[in-house]
Amino acid sequence: MTLTLPPVPPTWASGQVTERAYCVLAPNPGVMTLDGTNTWVLREPGAQECIVVDPGPLDEAHLTRVLDVVRRDGGRVGLTLLTHDHSDHADAAERFAHLSGAPVRAIRAIGTGHDDLADGDSVSVGGLDLVVVTTPGHTSDSVSFLLPAECAVLTGDTILGRGTTVVAWPDGELAAYLASLERLEALCGSGAVARILPGHGPHLPDAGAVLRYYLEHRAQRLEQVRGAVAAGARTPWEVVETVYADVPRAVWGAAEWSVRAQLAYLAERGEEGQLG
Ligand SMILES: [Zn+2]
């Protein structure tokens with residue numbers, strides 16, 4: 001059986017997505033960032049204090065829009081969280097901390113100097129509760145935030161609103177990524193997660209279907225990489241040309257990271273995959 005991704009809207013824009021989650025779309029669209037980075041403003045109904053997840057790229061106009069959303073009805077930022085330290089999510093962290101007066105927390109976010117969250121931590125601001133779920137793989141510091149009040153999870157780049165993500169080898173690792181997908185799928189299975197608020201692209205209301213697709217897609221890609229090596233591909237780039245022929249050339253550079261991650265994964269398991 002071949003799974004397909006549930007359909008998503010063709011366009012995505014800023015706005016209220018769930019009762020507690022408002023998306024402010026950053027003006028950085030691209031092949032890797034889709035419509036742009038989603039900066040999430042989370043607020044318990046009626047509360048003043050908000051949590052902001054991923055202030056995004058360093059763009060003054062974007063940060064002003066985020067603060068405009070926060071300050072409706074006299075609100076303020078209580079805490080800023082980062083899903084990982086890639087520049088399209090975290091570059092504005094320091095500037096936003098200055099503008100908002102609120103602290104920033106992350107896990108091992110190398111470029112930002114923050115390492116003050118751990119797996120299972122509960123974070124509570126203005127009556128809104130989040131639980132930290134470490135989901136390494138896209139990067140080693142990737143983390144998701146469970147929003148139990150809405151059975152939602154904010155996934156950063158671990159799950160995207162369209163297509164699939166890259167394993168940014170060597171910092172990102174396939175074995176860790178597969179374990180993170182399985183962990184998120186288990187949270188769907190237990191009923192803790194029903195919907196995904198991704199770091200790029202549209203809100204995903206059927207988390208279980210998306211997780212099953214991601215797991216199947218990774219298994220298929222791995223099989224294709226095995227096949228390409230068996231058929232004589234000699235370099236990671238030759239594997240990309242064979243296996244990623246179905247995706248735009250503009251993302252082949254990123255696909256090469258994922259191929260290297262897959263070759264490393266196969267080599268660790270003693271399978272052929274070590275190329276020269
Ligand atoms: Zn990103």
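**Exercise 1.** Which residue follows α3, and is its phi positive or negative?

*Solution.* Keep in mind that this is a predicted model, in which local features need pLDDT of at least 70, side-chain atom pairs count only at pLDDT 80 or more, and totals for chains, interfaces and linings use all residues. Residues are numbered from 1 along each chain as its sequence is written. Helices (H or I, at least four residues) and strands (E, at least two) are DSSP runs, numbered from the N terminus. The residue that follows α3 is Gly-101, and its phi is positive, near 75°.

**Exercise 2.** Find which residues of α3 are buried, and explain how they are arranged around the axis.

*Solution.* Begin with the term: a residue is buried if 20 or more other C-beta atoms lie within 10 Å of its own, exposed if 12 or fewer, and partly exposed in between, with C-beta atoms placed from the backbone. By this criterion Ala-93, Phe-96 and Ser-100 are buried in α3. They cover an arc of only 65° around the axis, taken from the directions from the helix axis to the C-beta atoms, and therefore they lie on the same side of α3. The cover over these buried residues includes α1 (60–70), β5, α2 (87–90) and β6.

**Exercise 3.** Describe the open sheet, and locate its edge strands.

*Solution.* Two strands pair if DSSP finds at least two bridges between them. Six strands form the open sheet, in the order β1-β2-β3-β4-β5-β6, and the pairing is mixed. At its edges are β1 (15–16) and β6 (104–105), each of which pairs on one side only. Strand β5 (residues 76–81) and β6 run parallel and are joined by two bridges; Thr-80 has Val-104 in β6 as its bridge partner.

**Exercise 4.** Work out which residues have the most contacts inside the largest nonpolar core.

*Solution.* A nonpolar core is a set of buried Ala, Val, Leu, Ile, Met, Phe, Trp, Tyr and Cys residues joined through C-beta atoms within 7 Å. The largest one has 65 residues, and Val-41, Leu-42, Ile-51 and Val-153 have the most contacts inside it. Helix α4 (residues 174–189) gives the largest share of this core, namely seven residues. A second, separate core has eleven residues, among them Val-225, Ala-228, Ala-233 and Val-243.

**Exercise 5.** How much of the chain is buried?

*Solution.* Of the 276 residues in the chain, 48% are buried.

Terms used
Contact = placed C-beta atoms within 7 Å.
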